[in-house]
Amino acid sequence: MADYKIGVIPGDGIGQEVTAHARKVLDVAGVRFGVSFEFREGMAGGTAYDAAGDPFPSETQELCADSDACLFGAVGGPQWDALPREKRPEAAILGLRQKFGLFANLRPAAMFEPLVDASTLKAEAVRGLDLLVVREGVGGIYFGEPRITEQVNPDEERAVDTMVYSTSEIRRIVRVGFEMASVRRKKLLSVDKENVLETSRLWRRVAGEVARDFPDIEVSHMYVDNAAMQLIRDPLQFDVIVTGNMFGDILSDAASMLTGSIGMLASANLNEAGFGVFEPVHGTAPDIAGQDKANPIAAIMSAAMLCRYALKRAGMADAIEAAVSKALDGGLRTPDIHTNGTTLVGCAAMGERVAELVGG
Ligand code: IPM
Ligand code: MG
């Protein structure tokens with residue numbers, strides 16, 4: 001029997017290509033470290049809707065429930081945009097987070113030195129960047145009730161989403177933020193919109209209470225609009241940023257671009273039991289899907305996070321991250337991070353090179 005059962009859910013678009021490389025890299029790392037994996041694939045997203053009429057089929061849910069951790073690709077695409085919400089591809093990732101209580105969404109954004117010139121910001125603004133967005137994943141406006149669209153009169157519709165947070169939900173995610181800060185540079189920023197929103201007033205109060213348990217962490221608070229501005233003005237000021245579901249969605253996309261490309265950013269979705277789903281922050285990129293142009297690094301770095309957080313095998317995670325770094329040092333670049341004087345390669349060549357380097 002294998003040491004670990006890994007569910008592999010490539011999803012749609014470039015999710016298919018990049019996840020294949022993440023799986024390969026994990027397999028190679030396993031061989032090097034004497035760890036065996038059993039990989040089992042499941043369908044999700046638009047692909048699953050087309051095949052089975054359901055973006056998050058029960059077989060896929062069972063596969064996840066019976067796995068030690070999951071690698072997820074990406075879901076979505078214009079051909080499924082008109083479907084009702086529960087049939088849309090996005091229902092797969094949201095369903096996964098909800099069903100398995102994956103409340104802690106970790107989204108690190110770290111600069112690889114060879115990519116400082118690939119960022120749209122000046123090199124001096126991003127050199128040495130190393131921040132972590134801790135995003136709440138199963139609450140807030142993404143899941144609050146009521147959420148309806150209703151006909152008010154023949155000419156007028158009205159739509160409602162609800163932002164809800166309770167003390168315990170805030171406490172547990174803020175606590176993860178503090179714990180992450182404890183093993184990093186000991187700075188935590190809590191982001192809210194306390195000048196306007198009730199949920200944010202509660203958020204700030206609870207964050208302040210949790211702070212008392214972590215006296216060695218320097219804690220501060222910022223409104224989300226200011227945080228968005230500060231991320232572009234001076235991103236080096238940040239260590240850990242903890243925030244709610246929607247603010248974290250937005251800020252993590254912004255943070256990702258600082259590193260040169262959203263194609264570099266990995267993420268973890270963890271629950272209280274330590275089970276996790278690991279996925280690149282990027283989407284399905286339908287415009288380049290199937291053309292060997294995608295950057296597999298975000299998916300590969302997600303596999304590294306899987307080793308670090310789900311398997312508690314930091315050595316494997318370090319080896320995968322070092323291999324990515326080495327491939328970049330060697331000048332390989334997918335189109336999204338390509339600059340003058342570097343070698344343009346496709347998804348497959350990048351993935352294969354990283355796998356080779358992980359092999360040692
Ligand atoms: C993300 C994505 C998802 C989200 C979408 C696909 C539902 O943007 O993981 O950031 O909003 O959480
Ligand atoms: Mg997003």
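1. How many bridges join strand β1 to strand β3, and do the two run parallel or antiparallel? In this predicted model, β1 (residues 4–11) and β3 (residues 69–74) run parallel and are joined by five bridges. If you want a spot to look at, find Val-8, which sits opposite Leu-71 in β3.

2. Now the whole sheet. It is open, has 10 strands and mixed pairing, and reads β2-β1-β3-β12-β11-β4-β5-β10-β8-β9. The edges are β2 (37–41) and β9 (218–223); each has a single partner strand, so one side of each has no neighbour in the sheet. On average, neighbouring strands are turned by 20 degrees against each other, direction ignored.

3. Two helices to check against the sheet. Helix α4 (residues 90–99) lies across β3, β4 (104–110), β5 (130–136), β11 (266–270) and β12 (276–280), and runs at about 150 degrees to β12. Helix α10 (residues 297–310) also packs on the sheet, where it touches β1, β3, β4, β11 and β12; its direction makes about 160 degrees with that of β12.

4. β11 deserves a look of its own. Five of its five residues are buried. Ala-266, Ala-268 and Leu-270 point one way, while Ser-267 and Asn-269 point the other way. On the β4 side the pairing is antiparallel over three bridges, with Leu-106 as the bridge partner of Ala-268. With β12 the pairing is again antiparallel, over five bridges, and here Leu-270 stands opposite Gly-276. β11 and β12 make a hairpin with five residues between them, and Gly-274 in the turn has a positive phi of about 90 degrees.

5. On to the cores. The largest nonpolar core has 97 residues, and Ile-6 and Leu-26 touch the most other members. Helix α10 gives the largest share of this core, nine residues. Beyond its neighbours within four places in sequence, Ile-6 is in contact with Leu-26, Phe-37, Glu-38, Phe-39, Arg-40, Ser-67, Ala-69, Leu-71 and Leu-306. There is also a second, separate core of 14 residues, which includes Phe-56, Cys-70, Ala-92 and Ile-93.

6. Helix α11 (residues 314–329) has 16 residues and spans 22 Å from its first C-alpha to its last, close to the 22 Å expected at 1.5 Å a residue. Its buried residues are Met-316, Ala-317, Ala-319, Ile-320, Ala-323, Val-324, Ala-327 and Leu-328. As a reminder, an α-helix has 3.6 residues a turn, so residues three or four places apart point the same way. The buried residues of α11 pack against α1 (14–33), β2, α10, β13 (332–333) and α12 (347–358). Just after the helix, Gly-331 takes a positive phi of about 95 degrees.

7. Last, the aromatics. The count comes to five aromatic pairs. Phe-178 and Phe-214 form a stacked pair, because their ring centres are 4.8 Å apart and their planes are at 10 degrees. Phe-178 belongs to helix α6 (residues 167–182) and Phe-214 to the loop between α7 (198–211) and β9, so to speak two distant parts of the chain, 36 residues apart. Elsewhere, ring pairs link Tyr-4, Phe-37 and Phe-39 into a cluster.

Notes: Residues are numbered from 1 along each chain as its sequence is written. Chains are lettered from A and ligands numbered from 1 in the order in which they are written. This is a predicted model: local features need pLDDT of at least 70, side-chain atom pairs count only at pLDDT 80 or more; totals for chains, interfaces and linings use all residues. Side-chain values use heavy atoms; hydrogens and water are left out. Two strands pair if DSSP finds at least two bridges between them. Helices (H or I, at least four residues) and strands (E, at least two) are DSSP runs, numbered from the N terminus. Axes are lines fitted to C-alpha atoms, for helices over the stretch in contact, and angles run from 0 to 180 degrees between N-to-C directions. Contact means heavy atoms within 4.5 Å. The expected span of a helix is 1.5 Å times one less than its number of residues. Buried means under 20% relative accessible area, exposed over 50%, partly exposed in between (1.4 Å probe, protein chains only). A nonpolar core is a set of buried Ala, Val, Leu, Ile, Met, Phe, Trp, Tyr and Cys residues joined through side-chain atoms within 4.5 Å. Rings of Phe, Tyr and Trp (its six-membered ring) pair if their centres lie within 6.5 Å; planes under 30 degrees apart count as stacked, over 60 as edge-to-face and the rest as tilted.
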